[in-house]
Amino acid sequence: MHDLAIVGGGPAGLLTARRCAEAGLDVLLLEEHTQVGEPVHCTGIISFETAALAKIPDEIVLGRLQRARLVSPAGAACEVRWTASGSEEILVVDRGHFDRSLAEQAQRAGAAIRTGARVDGVEVNPQGVTLDVGGQDVSARACVLACGVSYRLHRQLGFGLPAQMVHTAQVEVDAEPSETVDLYFGREVAPDGFLWAVPIRRGNRSGLKLGALTRGDAGGYLSRFIARPKIRARLRSAPGRMIRRILPLEPAPQTAGDRVLLVGDAGGFTKPTTGGGIYYSLLTASLAADTLIEGFQAGRLDAEFLARYESRWAAEIGADLRVSAWLRQFLTRCRDDEIDGLIRALASDSVQAVIHRTARFNRHRDVILALLREPGIASLLLKSLFR
Ligand SMILES: Cc1cc2nc3c(=O)[nH]c(=O)nc-3n(C[C@H](O)[C@H](O)[C@H](O)COP(=O)(O)OP(=O)(O)OC[C@H]3O[C@@H](n4cnc5c(N)ncnc54)[C@H](O)[C@@H]3O)c2cc1C
């Protein structure tokens, strides 16, 4: 019997594996694909704060982003310079390589990783957990679900699903070099979400990650975006394969139970404003590992003991998640002319100063609360609330 079985070899599972193996636990990670990190569904934008949780080798960096341009439904644009505050560097990493580098670190720490190993079932019993891996039983004392947006095992174990989900689609394509991330908003463009064009460099080739996060058919919105003459003019090749996927925007109602913890997307941990989830996956993995290590030391893997994981993530990111979810609710009620007004308001010098003073890439509470004190922005959002 293993101490810990982890379902899923994305950032959340791999960091949990590394941290628990470093503490001397016997860890087995099961990944359904034959290679960790493939296929890539993610843009890979992270802030350098992530390096505190996981090493970021230089060779996996595809870009260092200086600024974002928000484009309103009517075509008004507002530029936000991330580096203006000097505190945060924003990187685009190659997600496939990032995950493989995390896998190497986990293996070096002593974790075993089995690829091509899909978990079809999990059962909790008084002695431990039993996983059905392609018809073979694997036993462990505890289990971490780090299976991303595959929620089948949650249902088997009686865990609820994140209540808020959106659809996404993404392609990578060769394109003219650029230094700016473009984000497009509007009901026709990407209802309840946005489209993005993120510049990257692979060796001497420049490219773009083009994506959509929307309610409904994200692939359709992305295809129409790519067909725009202004976007087509920037491209140097036909777009690669489009990858579609759902994304949770709210934590699952329960993320700890008897012998089981949920981390990363499996727990619904992404930023409700942008859908970014790499940092929160690593953070929740690290908090889950702390909790499991203590649980093994204390001989306690019951739900009551493991609930301290929920208190830990709530203390770290609970307020950011709540305030961001609340802003998202407002924004999804806004009409196009109101989004237009918001983006124009964001471009003003006073609001830019607020952003530079309070914005942090991974924690949105402070900047949202500060922006709500700006008269132009508060009145627009309130209007959408009382309509
Ligand atoms: C289009 C798009 C763009 C994004 N861009 C960004 C971005 O720029 N920045 C950012 O921070 N976040 C981004 N995200 C979010 C980010 O990709 C996720 O939050 C992150 O991948 C979550 O990591 P994870 O380890 O929880 O899950 P995943 O990375 O999804 O890993 C889960 C793993 O579990 C495996 N698995 C699933 N079920 C089983 C099973 N039954 N048995 C065995 N293995 C299983 C899967 O194959 C997968 O390898 C993006 C998401 C999407 C969809």
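**Loops, ligand and layout**

Pro39 sits in the loop between strand S2 (27–30) and S3. Strands here are DSSP E runs of at least two residues, helices are H or I runs of at least four, and both are numbered from the N terminus. A word on the source: this is a predicted model, where local features need pLDDT of at least 70, side-chain atom pairs count only at pLDDT 80 or more, and totals for chains, interfaces and linings use all residues. Residues are numbered from 1 along each chain as its sequence is written.

Back to that loop. The peptide bond from Glu38 to Pro39 is cis, with omega near -5°. Then Asp192. Its phi is positive, about 60°, although Asp192 is not a glycine. Asp192 lies in the loop between strand S13 (180–184) and strand S14 (194–202). For reference, most residues other than glycine have a negative phi, and most peptide bonds are trans.

Now the overall picture. The protein has 12 helices and 18 strands. The C-alpha trace spans about 60 × 45 × 35 Å along its principal axes.

Domains next, with bounds from an automatic or database domain assignment. There are domain 1 (2–58 + 94–163 + 253–317), domain 2 (165–247) and domain 3 (322–386). The C-alpha centres of domain 1 and domain 3 are 33 Å apart. Contact means C-beta atoms, placed from the backbone, within 7 Å. On that basis, 6 residues of domain 1 touch 7 residues of domain 3.

So where does the ligand lie? It lies between domain 1 and domain 2, because both give residues to the shell around it. Of the 38 residues around the ligand, Gly8, Gly10, Gly148, Gly264 and Gly277 come nearest. Elements giving two or more residues to the shell include helix H1 (11–22) and helix H6 (278–298). By class, the shell has 14 nonpolar, 19 polar and 5 charged residues. Ala, Val, Leu, Ile, Met, Phe, Trp, Tyr, Cys and Pro count as nonpolar; Asp, Glu, Lys and Arg as charged; the others, Gly among them, as polar.

Last, H1 and H6 again. They pack at an angle of about 35°, axes 8 Å apart. Axes are lines fitted to C-alpha atoms over the stretch in contact, and angles run from 0 to 180 degrees between N-to-C directions. The contact of H1 with H6 has 11 nonpolar, 4 polar and 1 charged residues.

Note on methods. Contact = placed C-beta atoms within 7 Å. Near = placed C-beta within 6 Å.
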